[in-house]
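This report examines selected side-chain interactions in a single model.

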Amino acid sequence: MKRKVFFISDRTGITAEMFGQSLLSQFENVAFDETTIPFIDTIAKAEEACQVIKKAEQESGLRPIVFDTIVTPEIRQIIQASGALVLDFFHTFIGPLETELGETSGFRVGKTHSLSDEEAYDHRIEAVNFSLNNDDGVTTRHYDKADVILVGVSRCGKTPTSLYMAMQFGIKAANYPFTEDDMEKLRLPIDLKKHKSKIFGLTINPNRLHEIRTERRANSRYASLKQCQYEVREVESLYRREKIPNLNTTSRSVEELAAKILATTGIKRSVF
(Lines give C-alpha, C1' and ligand atoms only; values in the text may rest on other atoms or scores of the structure.)
Protein backbone atom coordinates (compact mmCIF):
# COMPACT_ATOMS: atom_id res chain seq x y z
CA MET A 1 0.00 0.00 0.00
CA LYS A 2 1.38 3.37 -0.99
CA ARG A 3 1.51 6.07 1.66
CA LYS A 4 -0.81 8.93 0.73
CA VAL A 5 0.86 12.34 0.51
CA PHE A 6 -0.79 15.71 -0.06
CA PHE A 7 0.86 18.96 -1.11
CA ILE A 8 -1.48 21.77 -0.09
CA SER A 9 -1.10 25.46 -0.78
CA ASP A 10 -3.03 28.70 -0.97
CA ARG A 11 -1.37 29.29 -4.34
CA THR A 12 0.09 26.94 -6.97
CA GLY A 13 1.57 24.30 -4.66
CA ILE A 14 4.95 24.40 -6.40
CA THR A 15 6.87 25.30 -3.25
CA ALA A 16 5.14 22.60 -1.19
CA GLU A 17 5.90 20.03 -3.89
CA MET A 18 9.53 21.07 -4.14
CA PHE A 19 10.22 20.90 -0.41
CA GLY A 20 8.07 17.83 0.15
CA GLN A 21 9.52 15.78 -2.68
CA SER A 22 13.03 16.68 -1.57
CA LEU A 23 12.28 15.17 1.83
CA LEU A 24 10.40 12.13 0.50
CA SER A 25 13.24 11.29 -1.87
CA GLN A 26 15.31 10.30 1.16
CA PHE A 27 13.00 7.32 1.79
CA GLU A 28 13.74 5.06 -1.17
CA ASN A 29 12.04 1.99 0.29
CA VAL A 30 8.67 3.67 0.77
CA ALA A 31 6.12 4.08 -2.05
CA PHE A 32 4.10 7.30 -2.06
CA ASP A 33 0.85 8.28 -3.74
CA GLU A 34 1.11 12.06 -4.20
CA THR A 35 -1.70 14.57 -4.73
CA THR A 36 -1.42 18.34 -5.03
CA ILE A 37 -4.31 20.53 -3.87
CA PRO A 38 -3.64 24.15 -4.87
CA PHE A 39 -5.48 27.43 -4.19
CA ILE A 40 -6.80 26.55 -0.74
CA ASP A 41 -7.43 30.19 0.11
CA THR A 42 -10.79 30.11 1.89
CA ILE A 43 -12.22 28.38 4.95
CA ALA A 44 -14.66 26.44 2.76
CA LYS A 45 -11.89 25.13 0.48
CA ALA A 46 -9.82 24.16 3.50
CA GLU A 47 -12.73 22.17 4.95
CA GLU A 48 -13.19 20.36 1.61
CA ALA A 49 -9.49 19.51 1.53
CA CYS A 50 -9.75 18.26 5.09
CA GLN A 51 -12.48 15.82 4.06
CA VAL A 52 -10.34 14.54 1.17
CA ILE A 53 -7.47 13.89 3.60
CA LYS A 54 -9.72 12.08 6.08
CA LYS A 55 -11.23 9.93 3.32
CA ALA A 56 -7.74 8.92 2.20
CA GLU A 57 -6.95 7.71 5.72
CA GLN A 58 -10.20 5.73 5.88
CA GLU A 59 -9.48 4.03 2.56
CA SER A 60 -5.85 3.17 3.23
CA GLY A 61 -5.83 2.71 6.98
CA LEU A 62 -2.64 4.78 7.05
CA ARG A 63 -2.21 8.30 8.34
CA PRO A 64 -1.67 10.65 5.37
CA ILE A 65 1.25 13.02 5.20
CA VAL A 66 0.55 16.66 4.36
CA PHE A 67 3.10 19.25 3.26
CA ASP A 68 1.57 22.72 3.29
CA THR A 69 2.63 26.26 2.52
CA ILE A 70 -0.55 27.98 3.68
CA VAL A 71 0.04 31.49 4.98
CA THR A 72 -3.29 32.39 6.62
CA PRO A 73 -3.36 31.03 10.23
CA GLU A 74 -7.12 30.29 10.24
CA ILE A 75 -6.92 28.19 7.10
CA ARG A 76 -3.78 26.47 8.31
CA GLN A 77 -5.51 25.44 11.55
CA ILE A 78 -8.23 23.61 9.61
CA ILE A 79 -5.68 21.55 7.71
CA GLN A 80 -3.83 20.78 10.94
CA ALA A 81 -7.07 19.38 12.37
CA SER A 82 -7.35 16.80 9.56
CA GLY A 83 -5.66 14.06 11.59
CA ALA A 84 -2.79 13.79 9.12
CA LEU A 85 0.88 14.35 9.83
CA VAL A 86 1.01 17.99 8.77
CA LEU A 87 4.41 19.48 7.97
CA ASP A 88 3.88 23.20 7.74
CA PHE A 89 6.77 25.02 6.12
CA PHE A 90 5.59 28.54 6.91
CA HIS A 91 4.81 27.83 10.56
CA THR A 92 8.18 26.09 10.94
CA PHE A 93 10.25 28.98 9.62
CA ILE A 94 8.20 32.19 9.99
CA GLY A 95 8.26 32.16 13.83
CA PRO A 96 12.07 31.96 14.19
CA LEU A 97 12.48 34.57 11.42
CA GLU A 98 10.09 36.96 13.15
CA THR A 99 12.07 36.57 16.38
CA GLU A 100 15.43 37.06 14.65
CA LEU A 101 14.35 40.02 12.51
CA GLY A 102 12.19 41.69 15.15
CA GLU A 103 9.49 42.05 12.52
CA THR A 104 6.03 40.50 12.18
CA SER A 105 5.20 38.62 8.98
CA GLY A 106 2.69 40.31 6.72
CA PHE A 107 1.00 36.95 5.94
CA ARG A 108 0.67 37.85 2.27
CA VAL A 109 -0.51 35.00 0.08
CA GLY A 110 1.25 34.11 -3.18
CA LYS A 111 4.44 36.13 -2.80
CA THR A 112 6.73 33.33 -4.00
CA HIS A 113 5.17 32.74 -7.42
CA SER A 114 3.35 36.01 -8.03
CA LEU A 115 3.90 38.64 -10.71
CA SER A 116 4.58 41.34 -8.13
CA ASP A 117 8.12 41.78 -9.42
CA GLU A 118 7.41 42.54 -13.06
CA GLU A 119 11.05 43.23 -13.89
CA ALA A 120 12.12 39.76 -12.71
CA TYR A 121 9.23 38.16 -14.61
CA ASP A 122 10.13 39.98 -17.81
CA HIS A 123 13.77 38.94 -17.40
CA ARG A 124 12.73 35.30 -17.02
CA ILE A 125 10.59 35.40 -20.18
CA GLU A 126 13.40 37.11 -22.10
CA ALA A 127 15.81 34.36 -21.02
CA VAL A 128 13.39 31.61 -22.07
CA ASN A 129 12.88 33.21 -25.49
CA PHE A 130 16.64 33.52 -25.90
CA SER A 131 17.18 29.84 -25.09
CA LEU A 132 14.45 28.76 -27.50
CA ASN A 133 15.79 30.95 -30.30
CA ASN A 134 19.36 29.74 -29.74
CA ASP A 135 18.59 26.05 -29.29
CA ASP A 136 20.55 23.29 -31.01
CA GLY A 137 22.89 25.61 -32.91
CA VAL A 138 20.05 27.09 -35.00
CA THR A 139 21.95 30.38 -34.96
CA THR A 140 25.20 31.59 -33.44
CA ARG A 141 24.65 35.30 -34.13
CA HIS A 142 23.53 36.11 -30.60
CA TYR A 143 26.19 34.27 -28.62
CA ASP A 144 27.63 37.60 -27.48
CA LYS A 145 24.45 38.03 -25.41
CA ALA A 146 24.55 34.49 -23.92
CA ASP A 147 25.45 33.89 -20.28
CA VAL A 148 26.50 30.33 -21.09
CA ILE A 149 26.75 28.13 -24.20
CA LEU A 150 26.20 24.42 -23.57
CA VAL A 151 27.87 22.04 -26.03
CA GLY A 152 27.85 18.28 -26.46
CA VAL A 153 26.73 15.38 -28.62
CA SER A 154 23.14 15.11 -29.76
CA ARG A 155 20.70 13.95 -27.03
CA CYS A 156 23.04 14.46 -24.06
CA GLY A 157 20.67 16.87 -22.28
CA LYS A 158 21.63 20.30 -23.61
CA THR A 159 18.13 21.58 -24.44
CA PRO A 160 16.34 20.66 -21.18
CA THR A 161 19.23 22.04 -19.14
CA SER A 162 19.25 25.29 -21.14
CA LEU A 163 15.52 25.79 -20.73
CA TYR A 164 15.59 24.94 -17.03
CA MET A 165 18.34 27.50 -16.42
CA ALA A 166 16.32 30.10 -18.31
CA MET A 167 13.02 29.40 -16.57
CA GLN A 168 14.38 28.89 -13.08
CA PHE A 169 17.26 31.35 -12.91
CA GLY A 170 16.77 33.81 -15.78
CA ILE A 171 20.01 32.61 -17.41
CA LYS A 172 20.40 33.18 -21.15
CA ALA A 173 21.63 29.72 -22.13
CA ALA A 174 22.35 28.82 -25.75
CA ASN A 175 23.32 25.32 -26.83
CA TYR A 176 25.29 23.90 -29.73
CA PRO A 177 25.45 20.24 -30.86
CA PHE A 178 28.48 18.34 -32.12
CA THR A 179 27.13 16.07 -34.85
CA GLU A 180 28.41 13.00 -36.65
CA ASP A 181 29.72 15.20 -39.47
CA ASP A 182 31.91 17.11 -37.01
CA MET A 183 33.67 14.07 -35.59
CA GLU A 184 36.40 13.33 -38.14
CA LYS A 185 38.34 16.50 -37.31
CA LEU A 186 36.49 17.77 -34.27
CA ARG A 187 37.39 21.27 -33.20
CA LEU A 188 35.63 24.36 -31.95
CA PRO A 189 33.91 26.26 -34.78
CA ILE A 190 35.04 29.87 -35.17
CA ASP A 191 31.71 31.20 -33.83
CA LEU A 192 32.20 29.17 -30.65
CA LYS A 193 35.88 29.93 -30.28
CA LYS A 194 35.10 33.65 -30.13
CA HIS A 195 33.05 32.96 -26.99
CA LYS A 196 35.16 30.20 -25.47
CA SER A 197 34.89 31.65 -21.97
CA LYS A 198 31.12 31.02 -22.08
CA ILE A 199 31.33 27.39 -23.21
CA PHE A 200 30.37 24.57 -20.86
CA GLY A 201 30.45 20.96 -22.03
CA LEU A 202 28.00 18.14 -21.34
CA THR A 203 28.81 14.49 -21.83
CA ILE A 204 27.02 11.21 -21.18
CA ASN A 205 27.63 7.50 -20.77
CA PRO A 206 27.65 5.96 -24.30
CA ASN A 207 25.35 3.11 -23.22
CA ARG A 208 22.76 5.57 -21.92
CA LEU A 209 23.12 7.67 -25.08
CA HIS A 210 22.53 4.52 -27.14
CA GLU A 211 19.28 3.88 -25.23
CA ILE A 212 18.04 7.45 -25.69
CA ARG A 213 18.84 7.56 -29.40
CA THR A 214 17.31 4.13 -29.99
CA GLU A 215 13.98 5.43 -28.68
CA ARG A 216 14.13 8.18 -31.26
CA ARG A 217 15.70 6.40 -34.24
CA ALA A 218 15.98 2.65 -33.70
CA ASN A 219 18.35 0.49 -35.78
CA SER A 220 20.16 3.50 -37.23
CA ARG A 221 23.84 4.34 -37.42
CA TYR A 222 23.02 7.43 -35.34
CA ALA A 223 21.72 5.24 -32.48
CA SER A 224 24.28 2.44 -32.68
CA LEU A 225 26.40 1.84 -29.61
CA LYS A 226 29.57 2.02 -31.69
CA GLN A 227 28.64 5.48 -32.99
CA CYS A 228 27.67 6.69 -29.52
CA GLN A 229 30.99 5.51 -28.08
CA TYR A 230 32.89 7.19 -30.92
CA GLU A 231 31.12 10.55 -30.57
CA VAL A 232 31.43 10.66 -26.78
CA ARG A 233 35.11 9.75 -26.97
CA GLU A 234 35.85 12.48 -29.52
CA VAL A 235 33.91 15.16 -27.68
CA GLU A 236 35.51 14.36 -24.33
CA SER A 237 38.90 14.53 -26.03
CA LEU A 238 37.99 18.01 -27.32
CA TYR A 239 37.03 19.11 -23.80
CA ARG A 240 40.45 18.02 -22.54
CA ARG A 241 42.36 19.72 -25.37
CA GLU A 242 40.48 22.98 -25.06
CA LYS A 243 40.24 22.81 -21.24
CA ILE A 244 36.44 23.14 -21.40
CA PRO A 245 34.70 22.56 -18.06
CA ASN A 246 32.18 19.76 -18.37
CA LEU A 247 29.73 17.50 -16.56
CA ASN A 248 28.40 14.00 -17.15
CA THR A 249 24.60 14.08 -17.42
CA THR A 250 24.01 10.32 -17.14
CA SER A 251 22.74 10.17 -13.57
CA ARG A 252 22.04 13.84 -12.91
CA SER A 253 18.73 15.70 -13.03
CA VAL A 254 18.47 19.03 -14.85
CA GLU A 255 18.15 20.70 -11.45
CA GLU A 256 21.48 19.29 -10.31
CA LEU A 257 23.14 20.04 -13.65
CA ALA A 258 21.98 23.64 -13.60
CA ALA A 259 23.14 24.17 -10.02
CA LYS A 260 26.56 22.64 -10.74
CA ILE A 261 27.00 24.72 -13.90
CA LEU A 262 26.28 27.91 -11.97
CA ALA A 263 28.64 26.88 -9.17
CA THR A 264 31.43 25.95 -11.59
CA THR A 265 31.18 29.00 -13.84
CA GLY A 266 30.33 31.57 -11.20
CA ILE A 267 27.38 32.82 -13.25
CA LYS A 268 24.96 34.77 -11.06
CA ARG A 269 21.32 33.88 -11.33
CA SER A 270 19.14 36.79 -12.39
CA VAL A 271 15.88 35.45 -10.96
CA PHE A 272 15.27 33.96 -7.50
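## Salt bridges

Glu-231 and Arg-213 form a salt bridge whose closest N and O atoms are 2.8 Å apart; the term denotes a side-chain nitrogen of Lys or Arg within 4 Å of a carboxyl oxygen of Asp or Glu. Because Glu-231 lies in helix H9 and Arg-213 in helix H8 (residues 206-216), the pair ties together parts that are 18 residues apart in sequence. Helices (H or I, at least four residues) and strands (E, at least two) are DSSP runs, numbered from the N terminus. Both Glu-231 and Arg-213 are buried, where buried means under 20% relative accessible area, exposed over 50%, and partly exposed in between (1.4 Å probe, protein chains only).

A salt bridge also joins the side chains of Glu-242 and Lys-196, at 2.9 Å from N to O. Glu-242 belongs to helix H9 (residues 225-242) and Lys-196 to the loop between helix H7 (190-193) and strand S7 (199-203), so this pair ties together parts that are 46 residues apart in sequence. Glu-242 is buried at 16% relative accessibility, whereas Lys-196 is partly exposed at 34%. In the salt bridge between Lys-145 and Asp-144, the closest N and O atoms are 3.9 Å apart; Asp-144 is partly exposed, with 47% relative accessibility. The structure holds eleven salt bridges.

## Basis of the values

The model is predicted: local features need pLDDT of at least 70 and side-chain atom pairs count only at pLDDT 80 or more, while totals for chains, interfaces and linings use all residues. Residues are numbered from 1 along each chain as its sequence is written, and side-chain values use heavy atoms, with hydrogens and water left out.

## Aromatic pairs

The whole structure contains five aromatic pairs. Rings of Phe, Tyr and Trp (its six-membered ring) pair if their centres lie within 6.5 Å; planes under 30 degrees apart count as stacked, over 60 as edge-to-face and the rest as tilted. The rings of Tyr-164 and Phe-169 are edge-to-face, because their planes stand at 90 degrees, with the centres 6.0 Å apart. Tyr-164 is buried at 18% relative accessibility, and Phe-169 is buried at 7%.

Tyr-176 and Phe-178 form an edge-to-face pair, with 6.0 Å from centre to centre and 70 degrees between the planes. Both of these residues are buried. Elsewhere, ring pairs link Phe-7, Phe-19, Phe-67 and Phe-89 into a cluster.

## The surroundings of Ser-162

Ser-162 is part of helix H6 (residues 158-169) and is buried, at 1% relative accessibility. Its side chain reaches the backbone oxygen of Lys-158 at 2.9 Å. Leaving aside residues up to four places away in sequence, Ser-162 touches Ser-131, Leu-150, Ala-173, Ala-174 and Asn-175; contact means heavy atoms within 4.5 Å.

## A nonpolar surface patch

Phe-93, Leu-97 and Leu-101 make a nonpolar surface patch of about 330 Å². Patches are made of residues with over 30% relative accessible area and no salt bridge; like charges are joined within 9 Å, and nonpolar side chains (Val, Leu, Ile, Met, Phe, Trp, Tyr) within 5 Å. Accessible areas come from the Shrake-Rupley method with a 1.4 Å probe, and for residues only the protein chains shown count as cover. Phe-93 is found in helix H4 (residues 89-101) and is partly exposed, with a relative accessible area of 48%.

Note on methods. Polar contact = N/O pair within 3.5 Å; in protein donor to acceptor, adjacent residues only side chain to side chain.
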